[in-house]
Structures are given as structure tokens and as C-alpha cells.
Amino acid sequence: MSKQRWGSRLGVILAVAGSAVGLGNFLRFPGVAANNGGGAFMIPYFISFFLLGLPLMWIEWTIGRFGGGFGHSTAPGVFDTMWQKNRFVKYFGVMGIFGPVVIFSYYIYVESWLLGYSVFALIGRYADCTDLESMRAFLTGYQSLAGTEHFPAGTAYLFFIITFAINIIVLSFGISRGIERCCKWGLPLLLVIAIILVIRVLTLGTPDPARPENNVLKGLGFLWNPQWAALKKPEVWLAAAGQIFFTLSVGFGVILTYASYLRRNDDVALSGLTAAATNEMAEVVLGGSLVIPAAFAFFGAAGIQSIADQNIFDLGFLTMPLILGQMAYGQIFGFLWFFLLFIAGVTSSISLAQPAIAFMEDEFNLTRREAAVLFAVVTFLLCQPVIFFLGNGVLGEMDFWGTTVCLVVFATIEVILFGWVFGIDRAWTELHAGSDIRIPRIYRFIIKYITPLMLLTILATWIFNDWKKQLLLEGVEEANRPYILITRVGLLGLFVFLLLMVRIVWRRRPEATCPETDQ
Amino acid sequence: MRLDGILFMLLSWAVILGLFGYSMFRTLSPKHRTELDKQTTQPPQNGETP
């Protein structure tokens with residue numbers, strides 16, 4: 001089977017950055033920053049970026065390229081080549097396929113809402129919703145699939161089908177002609193739209209002259225004025241580490257898969273840095289200048305705290321359309337807002353699909369089209385419980401296992417494997433093979449000691465604080481428990497199925513062969 | 001917005017935009033682009049699809 005490759009270096013960087021830039025950049029970051037010390041939050045944020053995010057980014061790029069040299073594009077194969085003496089390590093790599101498939105199965109539905117709302121914004125379908133309650137009723141009506149006065153029955157399902165089809169079509173064209181081309185157009189377009197929206201928000205001034213205290217400058221102050229006392233709170237440091245961890249798309253196994261399509265001597269150090277910096281620019285400079293300043297200008301000090309406390313769905317689908325609707329040309333800006341998020345969603349969801357497709361291509365010798373079709377059939381079925389039992393906690397359960405658990409555990413395994421099993425000397429040499437920059441030597445120490453320690457701290461804190469509650473379904477309504485338990489059993493079944501697939505593949509394959517020498 | 005807020009915002013932006021500008025410049029600089037073009041425009045090897 002021929003090995004796919006990226007068409008250009010910028011293409012793979014934009015694909016990785018596109019995977020990282022998502023809803024969290026524009027909706028999660030501003031709320032987390034404002035609630036955790038404002039400007040002072042940036043101190044633990046930057047420390048986490050340099051000690052946790054950037055090392056993890058380099059690790060995934062490096063081990064992905066290393067595994068790709070052995071013909072593996074997914075975590076089971078890559079882990080196996082990194083620790084050939086251990087028969088079991090490949091099974092831990094299953095998380096690098098399972099997690100992205102689970103996340104894809106609900107993420108794509110949320111992504112389809114963004115497409116639907118882009119159209120609704122453009123045609124003024126929610127224009128008569130003038131408060132949070134009416135916007136919530138609009139969203140609930142849309143999610144329920146029942147017809148309302150705003151749209152006919154099944155509208156949400158129609159947008160889901162369209163979004164799903166767009167993703168599968170892009171994926172079926174492969175790495176260079178599908179994913180790379182999509183991200184090469186999508187990410188610059190996303191950044192241009194974000195800049196247009198930022199300029200519009202920053203030039204709002206004081207929208208209501210009768211309330212001069214409600215202005216954009218004060219909104220920026222709400223986000224950036226440092227509250228020094230926050231730095232003494234451990235939860236602020238943990239929030240910063242969590243934000244960095246989630247925003248960079250590390251720990252999914254996605255970057256690892258993307259990097260496996262590089263050649264042996266393609267740079268990974270500078271490329272990883274560029275992808276991370278692009279994501280940070282989208283998050284801090286653009287994301288930080290949109291929601292909070294705009295919300296403050298319209299809702300003032302009294303309303304801003306409750307807005308900053310909102311979850312990302314409420315902020316994105318309820319509050320922002322209300323704010324943008326109050327501006328001149330609100331329909332256009334509403335459309336740009338949702339279309340911006342839709343593009344961010346597409347570039348992320350196609351990356352989530354790639355590990356599973358690559359696994360089928362590499363290990364079962366399926367063609368790209370066959371793998372994409374099989375992936376489409378399986379994930380289409382997995383999407384149905386999310387769509388039809390959305391209000392019963394199915395999405396939250398999948399999010400917990402796919403994102404919270406898999407991400408942290410997988411990243412912890414990766415970093416220990418890289419720094420300790422693979423060995424820091426060998427890892428350092430591998431990281432710098434073909435490199436265009438020299439990474440400061442202090443990162444040898446950081447990768448071996450600091451990054452694993454930070455990850456283990458995050459893991460321990462989350463287990464202590466959240467996991468018990470989630471595992472025992474504390475606080476879950478009695479009526480929703482069967483749905484959540486069935487989802488849990490289904491996810492366990494999927495995980496076991498993937499373990500068996502790995503076992504079958506390895507039983508029938510010869511021992512690992514020498515790396516490719518295509519340079 | 002307080003002065004320290006403005007300073008924090010501008011400092012954060014400067015760090016990130018500096019990092020972004022530096023890494024993009026290095027990535028797109030003609031020297032590296034030429035090296036890459038050599039790699040990526042060569043005909044497929046060993047049955048590779050481009």
C-alpha cells in the first residue's frame with residue numbers, strides 16, 4: 001500500500017493548527033481567563049504553555065514521524081515501535097483511536113448546529129428572539145428535532161447530514177488533496193473572519209450613549225486587569241494548565257497521526273512551534289478580543305459575570321447571537337460568527353476522523369475510499385444516540401470518556417514513553433532530526449521531569465475532584481441513568497472491539513521492519 | 001481598563017505575536033521553502049502518492 005504524504009510543510013502546520021483551533025479558543029478561553037485572575041491568569045497560562053503544551057506538541061510530532069517511518073500512522077503501532085520489548089504497550093495506543101472516534105461522534109452534531117445557525121443568522125430566522133429565554137427556546141426547539149414556528153421538523157437532522165457528508169467527502173480525498181487542501185483554505189479564512197469580527201467589536205465604543213460605563217475598553221479591562229490574589233489559588237494554576245492542555249489538541253493522538261505522514265528528515269521542532277503559536281494567536285489575541293468585550297459593551301458590569309460563567313454552548317448559541325443582533329448589519333456579523341465556528345469545527349473534526357481511517361488503511365490494507373466509507377457507517381450509527389437522546393446525558397457521558405479520560409491518560413503515557421522508555425537522549429536526537437531550530441537544552445529536563453509531573457498532577461486532581469462523581473453518576477436524574485449506563489456499556493464495547501482488532505492485526509503480522517529510507 | 005491591565009494585554013499579545021511572527025517567518029523563509037520545494041515537488045518515490 002502506498003504511503004500518503006503532505007503536499008507542503010505549510011499544509012501540515014495549518015492542518016495541525018486547524019485541529020487545535022476550535023470552539024474553545026473563542027468561547028472557553030475568555031471565560032476561564034476572566035474567572036481566574038484576568039491578566040494575572042496569563043502568568044500560569046504562559047508557564048503551562050512552555051512547560052506542558054509546547055513539550056507535548058513536540059513529543060506528538062516527533063513520535064508520529066518516528067512511527068510513520070515504520071509504516072504506522074496510529075498510536076498502537078507507534079507505541080509498539082517505540083517499546084518493542086513490551087507486548088502490551090500497543091494496547092494503550094488504542095486510546096489514540098477510541099478517543100477521537102468518540103469525540104467525532106458528538107462533535108460533528110454540534111458542528112452541524114453551527115452550520116444551521118449560520119443559515120439562520122443570514123436569513124434572520126432568530127431575529128425575533130430578543131432575550132436569553134427566547135434564544136434558549138429557539139435552541140431547544142432546534143435540538144429536539146420537532147418543528148417550531150421558526151423551522152420545519154427535522155431541520156437539525158438535515159444540517160447534520162450535510163455536515164457529515166462534507167466531512168466524509170474531505171476525508172475520502174486523503175491527506176494531501178482532502179485534509180491539507182481543506183485546512184489551507186479553511187484556516188486563513190477563519191483567521192480573516194475572526195479579524196473582521198475583532199475589528200467590529202473593538203470599534204463598538206459605547207453602543208448605548210445613555211450608559212457610558214458600558215464600553216469596550218471596560219470589557220477589555222474585565223478580562224485583562226490582573227487580580228494578583230488569584231495567583232495564590234492552586235485551582236487557578238490548574239485551570240491554566242487545563243486550558244493549555246485542551247486548546248492545543250495534544251493527547252488526542254491526532255497530531256501523532258498527522259506527523260506520521262512526514263518524511264524522516266522533515267522538521268518537527270519548528271513546525272510544532274508554529275502550529276502552537278498559530279493556535280495561541282487565535283485564542284489569546286483574537287478569542288480574547290471578541291466575546292467578553294462585546295458582552296460588556298451591551299450587558300455592562302451587572303450582566304458580564306453571569307455571561308463569563310456560562311458554558312460554551314450558552315455563550316456561543318445564546319449570548320453571542322443576541323449581542324451581534326444588536327449591532328448594525330447584525331445578520332451579517334451573526335453569520336460570520338457562526339461560520340467562523342463552523343470552519344473551526346470542520347478543521348477539527350476531520351482531524352478526529354483521521355486516526356481511525358489511518359488504522360484501517362495501515363493495518364487492514366483498505367483503500368482510502370473504503371476506509372472513509374467504513375468510518376462513515378460506524379460513526380453515523382454512533383451519532384444517532386447523541387442526536388435522539390441529547391437531553392438524557394449521552395453527549396456528556398461521551399465527552400467525559402472521549403475527552404477528559406482518554407486525553408489526560410493518553411498524554412501521560414505518551415510523555416513517559418518518550419522521556420523515560422524511549423530515553424531522553426534518543427528522544428532528543430529524534431526531535432532534532434532535520435530540525436530547522438535548536439530547542440533550548442533546558443527542555444531535556446522539562447520533557448523528562450516537569451511535563452510528566454504536571455500531567456500526573458492534573459490526572460490526580462481530576463480523579464480526586466471529578467471522576468468519582470462522574471463514575472458513580474452523582475447528581476444525575478434517575479430518568480437519565482439508563483441512557484448513560486447504556487452509553488457507557490456501548491463505549492466499553494467499542495474499546496474492547498478496538499483492543500481485539502489490534503490483537504488480531506499483530507498476531508498475523510511479521511516483526512517490525514526497518515524504517516523507510518525514502519530520503 | 002487599568003494601566004496594569006493594558007500592560008498585561010499588550011505584553012501577552014507581544015509574546016504570542018512575536019512567537020507567531022518568528023515561527024512563521026522561519027517556516028516561510030526562502031531558504032527553507034527552497035529545501036521543501038525540492039522535497040515536495042519531486043515525483044512520487046517507492047509508490048508514494050503525493
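**View 1. H10(A) meets H1(B).** A:Leu220, A:Gly221 and A:Trp224 in H10(A) meet B:Gly5, B:Phe8 and B:Met9 in H1(B). Residues are in contact here if their C-beta atoms, placed from the backbone, lie within 7 Å. By class, this contact of H10(A) with H1(B) has four nonpolar, two polar and no charged residues. Ala, Val, Leu, Ile, Met, Phe, Trp, Tyr, Cys and Pro count as nonpolar, Asp, Glu, Lys and Arg as charged, and the others, Gly among them, as polar. The model is predicted: local features need pLDDT of at least 70, side-chain atom pairs count only at pLDDT 80 or more, and totals for chains, interfaces and linings use all residues. Residues are numbered from 1 along each chain as its sequence is written, while chains are lettered from A and ligands numbered from 1 in the order in which they are written.

**View 2. The crossing of H10(A) and H1(B).** H10(A) and H1(B), residues 3-28 of chain B, pack at an angle of about 75°, with their axes 9 Å apart. That makes H10(A) roughly perpendicular to H1(B) (65 to 115 degrees). Axes are lines fitted to C-alpha atoms, for helices over the stretch in contact, and angles run from 0 to 180 degrees between N-to-C directions. Helices are DSSP runs (H or I, at least four residues), numbered from the N terminus.

**View 3. The side of chain A that touches chain B.** In contact are 33 residues of chain A and 27 residues of chain B. Helices H1 (9-20), H3 (42-68), H10 (216-224) and H13 (269-286) of chain A each give two or more residues to this side of chain A. H13(A) gives the most, with nine residues. By class, this side of chain A has 15 nonpolar, 10 polar and eight charged residues.

**View 4. Helix H15 of chain A.** Buried means 20 or more other C-beta atoms within 10 Å of a residue's own, exposed 12 or fewer, and partly exposed in between. The buried residues of H15(A) pack against H2 (23-35), H6 (95-122), H7 (132-143), H14 (291-308) and H16 (330-364) of chain A.

**View 5. A:Arg488 in H21(A).** A:Arg488 lies in helix H21, residues 481-508 of chain A. With 16 C-beta neighbours inside 10 Å, A:Arg488 counts as partly exposed.

Definitions and conventions:
Two residues are in contact if their C-beta atoms, placed from the backbone, lie within 7 Å. Angles under 35 degrees count as roughly parallel, over 145 as roughly antiparallel, 65 to 115 as roughly perpendicular and the rest as oblique.
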